[in-house]
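Subject: Structure for you to look at

Hello,

Here is the structure I said I would pass on. Please open it beside this email and find each residue as you read.

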Amino acid sequence: MPINTLQNGSAVQEGVHHWPKNIGILAVDIYFPNTFVDQTDLEKFNGVGEGKYTIGLGQHQMAFCTDREDINSICLTVTKSLMDKHSISPKDVGFLMIGTETIIDKSKSVKTVLMDLFAESGNTDIEGIHATNACYGGTDSLFRAWDWIESSSWDGRYAIVVAADIAVYASGPARPTGGCAAIAMLVGPDAAIVFDRKVRSTYMAHVYDFYKPDLSSEYPTVDGPLSNMCYLQALDKCFQLYFEKANKQSKGTTLDSFGAIVFHAPYCKLVQKSIARLVLLNYLQSSENQSNDCYKPLENYKNIKLEETYNDRELEKLLLTLSKKTFDQKTDPSLMLARTVGNMYTASLYGSLISLLLSEPADRLANKKLLLFSYGSGLAASMFSARVTSDSAVLSKLLKGIADIPNRLSLRHKVSAQVFEDALNLREKTHNSAPYKPIGPLDQLSTGTFFLTSVSEKYHRIYERISSDEKNNKSK
């Protein structure tokens with residue numbers, strides 16, 4: 001059944017703009033490659049200690065793609081899937097924006113490639129291009145869609161936001177923190193996941209923690225310890241400002257006001273440490289919290305300066321202990337995709353949101369308040385909040401659209417660490433090659449996947465899509 005909100009609540013009538021109600025995510029879908037490598041196999045292949053990736057990083061499996069897929073193809077795949085699943089007419093989309101740091105052209109937006117999905121309908125009146133700032137581009141694109149719907153420019157049509165990246169690293173200690181995914185979100189009024197329009201906080205600064213200055217390579221330049229510290233520093237700033245603003249709106253807002261806390265997840269262990277840090281931030285937030293018996297172990301830290309705590313391992317250990325219940329109940333359920341797909345860069349926060357939605361039945365999700373934190377190196381970060389609707393019909397449509405994800409995960413192809421290494425080496429060798437004919441296997445691509453067939457001498461990229469008939473023929 002198609003989602004129909006165009007006539008509900010907030011139509012634009014004869015030049016009179018009515019504020020749309022309950023703006024947020026109506027539907028969401030995710031695409032991840034059909035191949036993955038097991039992190040235990042990578043531990044053995046790389047000759048590191050058992051548990052270094054699975055326990056130390058908190059990662060179990062990592063999705064990756066061959067030279068048959070690129071940022072354009074995975075965005076095409078997930079956008080087409082979202083629209084087909086929810087019977088969205090191309091004519092009913094008025095805003096389309098992409099968040100990605102996976103750049104294959106310094107001028108041409110990924111969004112322009114996706115316009116092929118709208119060509120047959122004749123709809124060329126679609127605002128938005130794409131946003132780039134490390135892992136933050138998806139959130140910025142979501143905010144821009146949200147702002148468009150709240151503006152006088154909104155004409156009653158849907159917005160679609162795509163957050164997508166291919167996260168790859170040079171051979172070495174960072175390589176196991178890669179991954180790949182594309183997430184498409186249908187944004188509009190009367191939503192299933194309703195944004196809190198009154199409060200959001202942002203922190204931005206100039207830092208070289210993770211960046212990609214070498215345009216001839218897919219690989220970033222990374223200062224791992226600095227990047228981890230910047231992530232926590234941004235969390236500190238966003239938390240303090242968010243709750244300062246929130247308590248001006250509604251006194252008594254604390255972490256306990258939220259049923260789930262959802263994070264950008266470069267790797268799962270960092271998320272666990274971030275939840276631990278929230279205990280300290282919550283403790284320092286007010287004298288009322290400091291008098292609570294559950295925070296008694298933190299008495300010696302009452303006057304500590306936050307900048308002195310980033311490398312304090314004893315404090316971190318204490319906070320991990322104090323935060324275990326909060327992490328287990330409010331955040332761990334959101335890390336399923338991060339563990340099994342890996343780092344999704346711009347899509348990561350929204351992969352966590354999808355995981356949360358898959359973790360509980362609809363009646364337990366209804367009215368749940370969500371606190372979300374987005375981080376992109378360089379740096380840009382935001383904290384915002386949302387609420388799951390209590391409208392069972394609206395929520396069921398969203399949940400139906402993601403119900404196939406566990407099965408899709410189970411049907412993926414597991415490959416050896418050597419095959420994974422060879423695939424990344426091929427991508428590195430052929431990055432920006434033209435003309436080029438991809439050689440990756442097609443039989444491992446799932447039905448509906450767009451794939452790269454060729455790159456011309458002029459760097460024109462040509463794509464096709466795996467049909468069900470082609471898939472059946474390949475399996476015979």
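Below is what was found in it, part by part.

First, a caution: this is a predicted model.

Record annotations

An unreviewed UniProt entry lists residues 19-191 as "domain: Hydroxymethylglutaryl-coenzyme A synthase N-terminal". In the model, that span is 24% helix and 25% strand, and its end C-alpha atoms lie 14 Å apart.

The unreviewed UniProt entry also gives the annotation "active site" to E101, C135 and H264. Of these residues, C135 and H264 are included in the lining of the largest pocket.

E101 sits in the loop that runs between strand 4 (93-99) and helix 3 (110-114). Is E101 buried or exposed? Its relative accessibility is 6%, so E101 counts as buried; the cut-off for buried is under 20%. Apart from neighbours within four places in sequence, the contacts of E101 are T132, A134, C135, D165, F210, K212, Y345 and T346.

H264 is also in a loop, the one between strand 11 (260-263) and helix 6. With a relative accessibility of 2%, H264 counts as buried. Neighbours within four places in sequence aside, H264 touches C135, Y231, V271, N343, Y345, S348, L349, F373, S374 and Y375.

The largest pocket

The largest pocket has a volume of about 950 Å³. It is lined by 34 residues, and those closest to its centre are G224, P225, S227, N228 and Y267. Helix 5 (224-249), helix 6 and helix 8 are the elements that give two or more residues to this lining. Which of them gives the most? Helix 5 does, with seven residues. By class, the lining of the largest pocket has 20 nonpolar, nine polar and five charged residues.

Cavities

Rolling a probe the size of a water molecule over the atoms shows where empty space is left.

How many cavities of 30 Å³ or more are there? The count is five. The largest cavity holds about 200 Å³ of space. Its lining has 17 residues, and D70, R427, T430, H431 and R461 lie nearest the centre. Helix 15 and strand 15 (450-455) are the elements that give two or more residues to the lining of the largest cavity. That lining consists of six nonpolar, five polar and six charged residues.

The second largest cavity has about 110 Å³ of space. Its lining is made up of L232, K273, A276, R277, T309, Y310, D312, R313, L315, E316 and L319. Two or more of these residues come from helix 6 (268-285), and two or more from helix 8 (313-322). Helix 8 gives the most, with four residues. The lining of the second largest cavity divides into five nonpolar, one polar and five charged residues.

Just after helix 1 comes G47, which takes a positive phi of about 70°.

One last pair

D147 belongs to helix 4 (residues 137-150). With a relative accessible area of 29%, D147 is partly exposed. How far apart in space are D147 and R197, which are 50 residues apart in sequence? From C-alpha to C-alpha, D147 and R197 are 9.8 Å apart.

Regards

Note on methods:
Residues numbered from 1 in each chain as written. Predicted model: local features only at pLDDT ≥ 70, side-chain atom pairs only at ≥ 80, totals over all residues. Heavy atoms only, no water. UniProt positions renumbered as here; feature names shortened; annotations may be inferred. 1 Å grid on protein atoms, 1.4 Å probe; cavity = no way out; pocket = protein on both sides within 12 Å on 5 of 7 lines; lining within 4 Å. Points joined across faces, edges and corners; volume = space filled by probe spheres on them. Nonpolar A, V, L, I, M, F, W, Y, C, P; charged D, E, K, R; others polar. Buried < 20%, exposed > 50% of the residue type's maximum accessible area, 1.4 Å probe, protein only. Contact = heavy atoms within 4.5 Å.
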